[in-house]
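Please look over the sequence and the model shown below before reading on.

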Amino acid sequence: MVVSIESAFRGVIYGRIAGVVQFGLELSANGLSLGLVSITRVAANGESFFRLKMPTDMLLEAPVTIRGRFVGLDCEISSSLILRTQEEVAQALTVADGHVSVTAGFLVGALTNINPDALPLTICASMRGRVIARTKLNAEPNRKYDIDNTENRLIEAMPFKLGLPLDVLDDRGAIISVGIEGSATQLTGAPVFISIAFGEEFARRLMLVEEQLEAVTAKVNSEQNSIVSGLIDQYLRVIVPRVDAIVGLQRTALERQMMALWRAMPVNHFEAIAPAYERQAHFRSGMPFIGYGWTETNRVRWFGRQAFVAFEISPEEDVIFLVEGVGAASPKAVEDCLFSVENKNLEMARFQDSADGSWSAVGLVPRQFITSDGLLSLRIRSEVDQLTKEGKPSNGLSLGVENISVFSTSIVREWYTSNNDLTYCLAGFHHLEKAASGEPFRWMSGDGVVSVPMETERGKIIIYGPMIYSERAERTFSVTCVNGNIKSTEFTRDGQAWSAAVHLEGVEGRVVLLRLTAQSSVPEGGDLRSLSIALGGIEFITDGDV
């Protein structure tokens, strides 16, 4: 579908769509939603013509950019309409001209130069903050209207007549505002003054108005300090942190660009004095970070339909993402959650624990998704149910995130050489324990993800452990690869001990993310954990060593 926004005139936006219309088209002006367009006709060649009646209460300053997006698609259309001068803005927003006067106890007038596509229009008269009369003007099907001779084809005039309530015609006098409903602009001749007949009474009322103005001025002066204090508090609490985050992101990007330029210069000795790229970064709910779309700082930060967070990380290696959260609007919010970098969706393994409401997701980001200056921007999307299970309106939040960790794949290799606490068990495993022989192991729940560095492109991975909780866990044990394919898996038992040989093919990157699954059980005796297999270690064996 190719969309063209062609013009905005007298309160109506016009355009056309080439192709089959499959989605609703929403227009906006300077980021303010104007509504969905209406298809007026479809040409023989399949081209659809649309228009949209603009809200009469819009207050816009030039320049104004009118854009569109298809509802259901997360992208804007390329076509836009720019109103560059205030005169063009006024011409686009002014639905009609008009005049009004008082005749024989009625408000009598007419709207002039009316765009027929902007009808119906409501004329509204108000006094002392309340509406006292209104009437709707619409083109009557059997009536002929005078049309001007210009190409705009405007209706020259549509008369109206409004009756006034009796309390307006008493001896108190009144000031009546008359205009198109929703518009701040009044018709020519308005406001209408219905004054009292005697000058003495008129003078008394002027004095009363003056006294009321003095009272209002005194009230404003007394509230000034509290108003200023409130604005300062809002500025420091809301605006400054967001500006600081944006400035921090720009500063970081500039520093990385300068480093990249310096590194490219000959004989610069850059590596000897420049700080090395970070190989890991964290976003925790209680710490400052660069991003938006989140609730205020707390133990858990929630987001609605989408949120963003940016990290600094080495661009020289692939990166592993680990997202951990507590709380979800529904199980579907976790299952359907999408993670993307540079508009490219990531393959993620997702886990939920119904016992405590926790959830996690693990995935691999190829190095080409990271900018050359080491910036990595993660986008999280999850649809929000409009109603709760009880049928009440929801609060618009989808997932609560407690921690996001990103780390280069070289750290995974260090985990296998520098310690023996099974750090490479990324998700789905309980705390570290030791067998009677002193060997460490970690119980897995029903699902778990482990990271394994691959020294070569060919070989197999051996996963082993000291025990399996039940025969049912042994029968249901399986292995899948998050970022590749498994050619075969061979499972063996040696008494209580077990092992599985996994042959891989088509792996993306030098680190493998394996998802282990087995049916779990809750032991008796007060242990509330869900247990399946005990993992003791992982080894990578090249084909030459097999």
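Is R367 buried, partly exposed or exposed, judged by its relative accessible area? With a relative accessible area of 39%, R367 is partly exposed, where buried means under 20% relative accessible area, exposed over 50% and partly exposed in between, computed with a 1.4 Å probe on protein chains only.

## Basis of the model

This is a predicted model, in which local features need pLDDT of at least 70 and side-chain atom pairs count only at pLDDT 80 or more, while totals for chains, interfaces and linings use all residues. Residues are numbered from 1 along each chain as its sequence is written, and side-chain values use heavy atoms, with hydrogens and water left out.

Helices (H or I, at least four residues) and strands (E, at least two) are DSSP runs numbered from the N terminus.

## Salt bridges

The structure holds 11 salt bridges, a salt bridge being a side-chain nitrogen of Lys or Arg within 4 Å of a carboxyl oxygen of Asp or Glu. One of them joins the side chains of R367 and D318 at 4.0 Å, N to O. Because R367 lies in the loop between β23 (358-365) and β24 (375-381) and D318 in the loop between β18 (301-312) and β19, this pair ties together parts that are 49 residues apart in sequence. D318, at 7% relative accessibility, counts as buried.

Another salt bridge is formed by E47 and R16, whose closest N and O atoms are 3.2 Å apart. The pair links distant parts of the chain, with E47 in the loop between β5 (38-42) and β6 (48-53) and R16 in strand β2 (residues 12-18), 31 residues apart. E47 counts as buried at 17% relative accessibility, whereas R16, at 27%, counts as partly exposed; together with E6, these two residues are linked in a network of salt bridges. The side chains of D447 and R515 also meet in a salt bridge (3.6 Å, N to O), and here the link runs between strand β27 (residues 440-453), which holds D447, and strand β33 (residues 511-517), which holds R515, 68 residues apart. Both partners count as partly exposed, D447 at 26% relative accessibility and R515 at 22%.

## Aromatic pairs and charges over rings

A pair of aromatic rings is described by the distance of the centres and the angle of the planes. Rings of Phe, Tyr and Trp (its six-membered ring) pair if their centres lie within 6.5 Å, and planes under 30 degrees apart count as stacked, over 60 as edge-to-face and the rest as tilted. By this rule the count comes to 7 aromatic pairs. F441 and W443 form an edge-to-face pair, 6.2 Å centre to centre with 85 degrees between the planes, and both residues count as buried, F441 at 4% relative accessibility and W443 at 7%. With Y469, F441 and W443 form one aromatic cluster.

The rings of F477 and F491 have centres 5.3 Å apart and planes at 45 degrees, so this pair is tilted. Since F477 lies in the loop between α6 (471-476) and β30 (478-481) and F491 in strand β31, the pair ties together parts that are 14 residues apart in sequence. F477 counts as buried at 11% relative accessibility, while F491 is partly exposed at 27%. A charge sits over a ring if NZ of Lys or CZ of Arg is within 6 Å of the ring centre and within 35 degrees of the ring normal; R41 lies over the face of F49, at 4.0 Å from the ring centre, and K344 over the face of F369, at 5.4 Å.

Strand β3 (residues 25-29) is mostly covered, with 5 of its 5 residues buried. In a regular strand the side chains alternate between the two faces of the sheet. Both faces of β3 are covered, with L25, L27 and A29 buried on one side and E26 and S28 buried on the other.

Two strands pair if DSSP finds at least two bridges between them. β3 runs antiparallel to strand β7 (residues 64-70), to which 5 bridges join it, and the bridge partner of A29 in β7 is I66. 4 bridges join β3 to strand β4 (residues 32-36), also antiparallel, and A29 stands opposite L32 in β4.

## Two buried positions

G325 lies in strand β19 (residues 319-328) and is buried, with a relative accessible area of 3%. Leaving aside neighbours within four places in sequence, G325 is in contact (heavy atoms within 4.5 Å) with G357, S358, W359, G400, V401 and E402. S410, in helix α5 (residues 409-418), counts as buried at 12% relative accessibility.
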